[in-house]
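Reader: Please take one part of this model and go through it closely. I would like its pairing, its surroundings and one residue within it.

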Amino acid sequence: MAWMFAMDLLLLLHFPRCSASEENIILQEPALITAEEGGTVNITCHFKHQNILGMYLRRKFIKDMVVLYVTGQGKNKTVGAEYKGRIEYFEQQNITTIILQQLQENDSGNYTCDGAVLINQEPKLMKGCGTILVVTAKKRTKCSSSSWVLYILITETLLLAAALVYFILSHVDAKKYCQKEKGNEAQNMVYEDMSFSLRHDTVANQYEC
C-alpha cells in the first residue's frame, strides 16, 4: 500500500490545512478518509455562524467539479451527474453532514464545503478546510479459488471411489467366474468317470456271457 501512502502525502502537501482562527473558514471533519470501493463515508462541515444561505460541496485535484449545491436549509438540492443516487445531505443549525455512498475509485480527491451565511443581514462567503478522500480498490476474496480447490478435491475423491468400486466388482465377478468354471470341470470329470464305469461294466458283462 505504498502508493496509497504516497497519494495521501501528495494530497496533504497540495492542500495544506487551514487555520481554525480564520473567521471565514468552515471546519471539516475528518481531514483525511481512506475508504474501500463500494463503501460509505461522512463529511461534516461546521459553519461558525448559523443562517446558512447555501453551500457547495466541490471536488478538486483529480477532476474539479461541483458535487452538491444546497439552498433553503437543504430543501433545494442539485447533485452532480456522477453522484446521483449516491449522496445524502443533512443540515442542523450550523452543522451540515454529507454522506457519500457506493464509493468508486475515481471519487478520490479533496472535498471542500464552500458556502455563504447571513451575518448582520449581509451575506458572507465561507470557505471549507477540505476533506481528503482516497478510495482504494475492493479487496478480492479467496472464496472463488477455495471453491475451485474444493471442487477439484471432491471430483478426484469421487473418481477414486468409482475406480475402487469398479476394481472390487471386477475382482468379485472374476472369482465367481473361476468358481463356476471349476464347478463345471468337476461336473465334467464326474460325468466322464460315470461314463467310463458304465462302458467298463458293459464290456465285462459281455465277456462273462
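Author: Val117 stands opposite Lys124 in strand 10, and five bridges join strand 9 to this strand, residues 122-128, the two running antiparallel. Strands here are DSSP runs of E of at least two residues, and helices are runs of H or I of at least four, numbered from the N terminus; two strands pair if DSSP finds at least two bridges between them. The model is predicted, so local features need pLDDT of at least 70 and side-chain atom pairs count only at pLDDT 80 or more, while totals for chains, interfaces and linings use all residues. Residues are numbered from 1 along each chain as its sequence is written, and side-chain values use heavy atoms, leaving out hydrogens and water.

The hairpin of strand 9 and strand 10 has two residues between the strands, and Asn120 takes a positive phi near 55° there. Strand 9 also runs antiparallel to strand 4 (residues 52-60), to which eight bridges join it; Gly115 is the bridge partner of Met55. Three bridges join strand 9 to strand 11 (residues 131-136), again antiparallel, with Asn110 opposite Ile132.

Strand 9 covers residues 109-119, and nine of its 11 residues are buried, that is, under 20% relative accessible area with a 1.4 Å probe, protein chains only (exposed is over 50%, partly exposed in between). Cys113 lies in this strand and counts as buried because its relative accessibility is 0%. Beyond its neighbours within four places in sequence, Cys113 is in contact (heavy atoms within 4.5 Å) with residues including Ile26, Cys45, Met55, Leu57, Ile98 and Met126. Cys113 and Ile43 are 70 residues apart in sequence and 9.2 Å apart in space, C-alpha to C-alpha.
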